Amino acid sequence: MKNIGGKLSVLAFSSIVLIPLFLALDRLVWVAGFDPVQWFSAIEANHLSQGSVGFTFLQAILSTIATIVIGLPIAWQLGRYKWRGSGLMRAILTMPFVIPSIIAAMGFLAFVGPHGMGFRADQDTHLWTLIIAHAWFNMALVIRFTEPVLSTLDRDLEDQLRLLPAGKTLWGKLRNLWIPLLTPSIAAAACMTFIFSFTSFALVRWITPLESTLETVLADVGERAGISGYEVYANDLVLASSLIQFTVMLASLWLMSWLQERRQSLLPQASENSNLKANPRGLLILVPGLFFALAPLVTVAWSSLRIPVREQGELTYHWGVEGWVEAWSGGYSNTGVGDALLNSLGYAGITLIVALPLGWSLAKTIHELELSKSRWSRFLDVFTMLPFAFSAVMIGLGVLLGILKLDGELNSLWLLPVLPHIMLTTPFVVRIMLPAFRGLDPSYDEGARILGLSQSERFWKIRLPLLRGPLLVAITFTLAMSLGEFGASWVVARSGEWDTLPVLIDSLRSRTGWDPLIQPTAAAAATTLMLITLLLFMTVERFRPKGEGGMF
Amino acid sequence: MLKCNGLTKAYSKVLFENLDLELGSGEIAAITGPSGCGKTTLLRCICGLEELDSGSITLNGEDITSMRTEDRGVGLIFQKPVLYPHLDVGGNLRLAGGNIEKALSEVGLEGFSTRSIASLSGGEGQRVALARALLARPQILLLDEPFSSLDHELSLRLVEDVRAVLKLRNCSAILVTHNKEEATKFADIILEIF
């Protein structure tokens, strides 16, 4: 690694990621003592976490299956047939993935709860609501992973098979072409869905309040951990839950990386098929799919204007903007939507200022190492993905406990939420920019050198304009992620004054006692965040490279 | 053996109209003509990948005009070798059934069955595609400019090799090409479309 910038970016990233987590681990072990058997046995021994391991795996596996079952037929229709407005349909169907999870939770509760369609009647349906909500949230992954394979498949491969004995029957076509070709993409999407469901926080917290996952256990007991002699069990639970999550996520990420390599090797196609046929019957799948994607979001906006009124034991509704007025004035919370939005935008802005150049520099360094065939390229590539192996709550706790180890006073620092946001977003910037660097034709830079352009001139005049698309995707993605981030912010920023918009929405929903304006107020705050996220999402869609698929 | 009567196909312009074609058993024909004249479309119509506007096709006395592509008994080799990247050479050949090693030796690729598709050169890829097409025992083999992406020397060598294999099997074939030299070396009869 010759360049100073590259060395500095690696050093900065290592410090941001490793130091707080190392300090947190050190603090927890110092309080709890090094006794792994005690840590793990505490999970089943403590009523706060009993059954959480089983429930975490159960809901994650069921959610993964449901996501594939719902997402795959939609991807098939989108990829195999010609649709008018397919770009818009694709955008709507993949939108749920970028919506902050707290809004997804609100949308589902409003949609199937007692003030919506009333499906969510008892504890049994809580689990199914969670699974469907996870499928809603993650179906974009299945669509984005499999649809490019379907839409860019060289038609000659299909035609050739039809002319061979093994491709005469539908089963023959499935067995010899579709199943082997789609399996790595489906499995990669399943892996990501499993990871997201396994570490889901807002949806579990709100949809299955009577059940705990490892992530909600971490969030619930985390604030009691790290204090010597005080509720030592909390340290055991945090250590055990974190270690299980870390191991499962690391294994899933490894599997995911292996599957992605296999997936890439099965993608010899270059361009999208232009001679697709129409399939009117496919509307039977796409229309319900579009309804499914939009319903929870529309319900959030709808419920912000629907005010319940209880008169003589009867519940009726009227339309009004009282919820919006309360949300913006802060009548039910420490801060109004305006202040919380400013906090969120401030945190997102600072996150962007740090994460974007850091992620850019790391991606560029990895690419340069790849070009020089250095073994360090693979190491750095994997190292930049390390935060993916930590859940949002784990990162939040890591920062909280790590800072506590340094200086307890720092816990009230308003800037604190920026640190987990940087940890969470920088790997995404790297993942977006690295393929862009790899795809950049080196002859562009060589030509500019021959013309006598300096390094900075080549950066401003050549590289930056050529990488404008992925750079804008990285900017909007970082902003959207930071604005919607809930798990880590919920752990780190609960002082009231510095509430982010997702934390404000959660605190509004958490108010006890019946008040007709609570639900519309929380929904109004959620609608504000949703509209900003959608605006950012539409920007991303404009600049997202076509046909690549994957998460971004 | 192959009899095409009054074939007509048009998109925005007419590609061919009332085209008649007859090919005897074991006979090899080449069709030449400029780009966009409908050579490839004609092959795709014969094997059923495209629908004709009018006309009929019979193969060994059986009318195959409305038959499914899968059931026509026609083989096709595309311009670039269409080999499945998730399968090795042997796996690709197994899709057609038959004796894989014998088929590979026939095209000069002994011991290639475990090779990955990515490791094949352009010429080797086309030989694998030919071996697979022949393994399926088609009644007629259609070749859509399969040598055009290869260098001159290699393409001429392959032209001779493929012709020899086809003659050995008494398999009828139609080659579409814009290269007259290739057509002369490969075919018994040459048809020109304008």
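1. Helices α5(A) and α12(A) are roughly perpendicular to each other (an angle of 65 to 115 degrees; under 35 is roughly parallel, over 145 roughly antiparallel, the rest oblique). They span residues 101-112 and 283-304 of chain A, and pack at about 80 degrees with axes 8 Å apart. Axes are lines fitted to C-alpha atoms over the stretch in contact, and angles run from 0 to 180 degrees between N-to-C directions. Helices are DSSP runs of H or I of at least four residues, strands runs of E of at least two, numbered from the N terminus.

2. This is a predicted model: local features need pLDDT of at least 70, side-chain atom pairs 80 or more, while totals for chains, interfaces and linings use all residues. Residues are numbered from 1 along each chain, with chains lettered from A in the order written.

3. Among the residues that meet are I103(A) and F108(A) in α5(A), and L297(A) and V300(A) in α12(A). Contact means C-beta atoms, placed from the backbone, within 7 Å.

4. Chain A brings 18 residues to its contact with chain B, and chain B brings 16. On the chain A side, α7 (155-162) and α8 (170-198) each supply at least two. α7(A) gives the most, with 6 residues.

5. K373(A) is not a glycine, yet has a positive phi of about 55 degrees. K373(A) sits in the loop between α14 (337-371) and α15 (376-384) of chain A. K373(A) is exposed, with 7 other C-beta atoms within 10 Å (12 or fewer is exposed, 20 or more buried, in between partly exposed; C-beta atoms are placed from the backbone).

How values were computed: Two residues are in contact if their C-beta atoms, placed from the backbone, lie within 7 Å.
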